[in-house]
Amino acid sequence: TWPPGWALREAGITRFVVNQPAFILIIEDENKIAGLLSDYLEEKGGFRTHIVARGDEALAAFLEHQPDLVLLDLMLPGLGGLEVCKAIREQSTVPIIMVTALVEEIDKLLGLEVGADDYICKPFSLREVVARVKANLRRVSYMNGEEKKVSGLHVDEQRHSASLQGREIRLTPVEFSLLAHLVAHPGQVFSRQQLMDAIYSDYRVVSDRTVDTHVKKLRRALADAGGSESVIESVYGVGYRLSPR
C-alpha cells in the first residue's frame, strides 16, 4: 500500500506545489561519492537528499521517502542497480538516473531498457549531475502540465508564460527562469550562487552583481504588470526569496 502522499503525486501535485524542495534518493555504496552528491545537491541545487548504500534496502527506502527523483548506481551490494531499477519502475514513474562506471554502450542501453530515464558516467562533474537532475524534474513537470501559482503569480513552464492576476508579465528567458525558480519555492531563501546555478543551465561564471541586476529587472517587470516589487524580498547577507503572502 502506498503512503497517502503518493496519491497527490499521481494526481500531478508535487512537492513544488506544497513548497518543499524536491527530494532526491541517492542509492550509492561508495560513501565518498554518495556524500559528495548529497552535499552538492543540497548546497547548489537546493534539494533534500537521502542516501542508501545497499541495493536490497533501496526499495524500502524508496517507499518510505517517496522521492521526486532517484540517482541509482549500477553496481550495488545486495541487489544490482538494474534489478533495483526494475523494482522501482514496477511501482512508480519517478525519474531514475543511472550512475555507472561501465561505459560500454550495452550497459547504457540495458539501463534505459529497464526503465531508467537518463544515465551519468563516472567520473562525472557534480555540476552536470545537478543539471541532469533539474532537467529530468522539469521534464516530469512538463508532462504533468505543472503550473505554479503563488502571491497572485501564475507561471506556466510548459508554455513559458507568466502572469500576475491575469496580466501578462513580459520577461527575458533568464528573468523567466528566475521567477519560475522563486515561485516553485515560495518563502525559501536562496543565495546568489544558488540562483545563478538555477537560472544558468551551463553554469557560466557570473558575478553577484549580475544576479542583483536580474532581480532588479524582474521586480520592475512585476511592477509594470501592476504588482509590488517587494514580493521579491532581500534577505540581508543571504540572498533573495519570494514572499508567499
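Which strands does helix α3 lie across? Helix α3, residues 58-65, lies across β1, β2 and β3 and runs at about 170 degrees to β1. The model is a predicted one, in which local features need pLDDT of at least 70, side-chain atom pairs count only at pLDDT 80 or more, and totals for chains, interfaces and linings use all residues. Residues are numbered from 1 along each chain as its sequence is written, and side-chain values use heavy atoms, with hydrogens and water left out.

Helices (H or I, at least four residues) and strands (E, at least two) are DSSP runs numbered from the N terminus. Axes are lines fitted to C-alpha atoms, for helices over the stretch in contact, and angles between N-to-C directions run from 0 to 180 degrees.

The sheet is open, with five strands in the order β2-β1-β3-β4-β5 and parallel pairing; two strands pair if DSSP finds at least two bridges between them. At its edges are β2 (48-52) and β5 (118-121), each pairing on one side only. On average, neighbouring strands of the sheet are turned by 20 degrees against each other, direction ignored.

Strand β1 (residues 23-27) runs parallel to β3 (residues 69-73), and four bridges join the two. I27 has L72 in β3 as its bridge partner. Helix α4 (residues 81-91) also packs on the sheet, touching β1, β3 and β4 (96-100), where contact means heavy atoms within 4.5 Å. The direction of α4 makes about 175 degrees with that of β4.

With a disulfide defined as a pair of cysteine sulfur atoms within 2.5 Å, the count is zero. C85 counts as buried because its relative accessibility is 0%, whereas C121, at 21%, counts as partly exposed. Buried means under 20% relative accessible area, exposed over 50%, and partly exposed in between (1.4 Å probe, protein chains only).
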